[in-house]
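Student: I'm new to this one. Could you walk me through how to read it?

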Amino acid sequence: MNILVVNAGSSSLKYQLIDMNTEKPLAKGTAERIGIKNSVLTHKVPGREPVVIEKKMKDHKDAISLMIKALTDSKTGVIASMDEISAVGHRVVHGGESFARSVLIDETVIRAIEKNAELAPLHNPANLMGIRACQNVMPEAKMAAVFDTAFHQSMPEVAYLYAIPYEMYQEKKIRKYGFHGSSHRYVALKAAEMLNRPIEELKLINCHIGNGSSVCAIKYGKSVDTSMGMTPLEGLIMGTRCGDLDPAIIQHIMNSYKMTINEVMDVLNKKSGFLGLSQYSSDNRDIMKAAQAGNKQCQIAVDALEYQLRKYIGAYAAAMDGVDAIIFTAGIGENSPELRTNVIGGLSFLGAAIDEEKNLLREDNMDISAESSRVRVLRIATNEELMIARDTLELISK
Ligand code: ADP
């Protein structure tokens with residue numbers, strides 16, 4: 001049984017066709033520059049050379065059609081026809097308070113996703129374009145929506161309310177939602193499996209550190225707090241996002257630099273974080289290289305992220321009154337032993353210690369704690385697509 005996972009952005013569309021018997025991808029790819037000149041689809045099948053198809057894609061419908069063609073083509077394909085796709089799982093960024101779990105898509109669900117676009121104006125409309133395009137090209141297919149926010153709907157009020165007038169929450173749903181839900185959920189389940197303990201008795205802190213980053217406190221299998229907020233801007237320093245900030249700074253920047261609110265938001269979303277602090281790059285590998293070569297600002301950017309991570313881990317250990325395991329995942333979390341060493345090195349008060357030899361090994365999923373460590377330290381390769389596919393399969397099997 002094969003599940004197709006679709007992640008539609010405003011001008012891009014990523015896909016993975018996953019064989020659910022093995023839980024491995026048969027093929028994956030990305031359509032880029034949809035609706036813009038020089039649109040291109042890159043299609044990858046494990047063990048074969050990637051195929052690059054340069055073809056005009058005027059909208060998401062064209063992208064889905066081209067993807068289907070690549071998947072079923074006698075040369076590039078991995079299936080004989082669309083009949084071999086059992087269902088489609090769509091990543092949807094914002095489920096607001098409407099969705100605490102994944103759902104099969106119908107018109108009511110589509111309307112709720114449209115409504116939640118108020119909270120995610122950049123993401124939800126793009127996700128909807130992907131859904132509509134699939135409905136168009138594959139009208140018979142069952143489809144599910146899997147929300148980045150859903151996993152965090154279990155947060156208590158004390159964690160999700162901002163201390164602004166309560167009617168703003170009641171009327172406009174202004175509150176913390178949190179993101180990266182599929183990643184945090186996948187990693188928590190994998191951690192329980194690796195620790196060989198029921199998730200219902202574990203207190204986990206998951207650090208998803210990539211271009212976008214968030215920390216999540218997962219108590220007994222449920223998210224109880226997370227660092228991203230109403231939008232993905234809150235929390236840790238990220239590639240280009242500022243993370244936590246005194247809100248009064250916004251007015252001060254507007255006045256000092258004669259900027260409009262949109263210009264300031266653009267600075268905070270796209271020109272801050274690693275890029276802003278280092279004045280060099282938003283990419284961790286560039287920054288680390290430059291820091292090692294003596295670039296002070298790059299060093300500060302890296303140090304600041306590690307410092308923030310220690311603060312969040314300390315806070316979430318307090319929020320859960322304990323922690324059994326600290327987990328690192330995503331681009332930086334999985335691939336930077338230096339970050340893991342420096343973060344865990346400052347958490348001796350929790351009894352956390354790393355095994356430096358294991359920390360350097362390149363396996364996907366590893367317990368990298370020192371034998372003496374009171375807290376397990378794990379490195380886990382996240383797999384959001386598989387989580388989406390598993391949810392989709394469960395929904396169509398009901
Ligand atoms: P996204 O949030 O876009 O999914 P990723 O999870 O892919 O991002 O993370 C991208 C980040 O991971 C980049 O900053 C990149 O430099 C960093 N990264 C990737 N590989 C390595 C590596 N081997 N060592 C250090 N950092 C890495």
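Tutor: Helices (H or I, at least four residues) and strands (E, at least two) are DSSP runs, numbered from the N terminus, and two strands pair if DSSP finds at least two bridges between them. This is a predicted model, where local features need pLDDT of at least 70, side-chain atom pairs count only at pLDDT 80 or more, and totals for chains, interfaces and linings use all residues. Residues are numbered from 1 along each chain as its sequence is written, and side-chain values use heavy atoms, leaving out hydrogens and water.

Student: Which residue in S8 is the bridge partner of Val103?

Tutor: Strands of a sheet pair through backbone hydrogen bonds, either parallel or antiparallel. Here, Val103 has Ala145 as its partner in S8.

Student: In what order do the eight strands of the open sheet come?

Tutor: The order is S5-S4-S3-S2-S1-S6-S8-S7, with mixed pairing. Strand S5 (51–54) and strand S7 (103–104) are the edges, each pairing on one side only.

Student: How many salt bridges does the structure hold?

Tutor: Side chains of opposite charge can pair when their charged atoms come close. The structure holds 17 salt bridges (a side-chain nitrogen of Lys or Arg within 4 Å of a carboxyl oxygen of Asp or Glu). One of them joins Arg175 and Glu97 at 2.8 Å, N to O. Arg175 sits in the loop between helix H5 (166–172) and helix H6 (181–195), and Glu97 in the loop between S6 and S7, so the pair ties together parts 78 residues apart in sequence.
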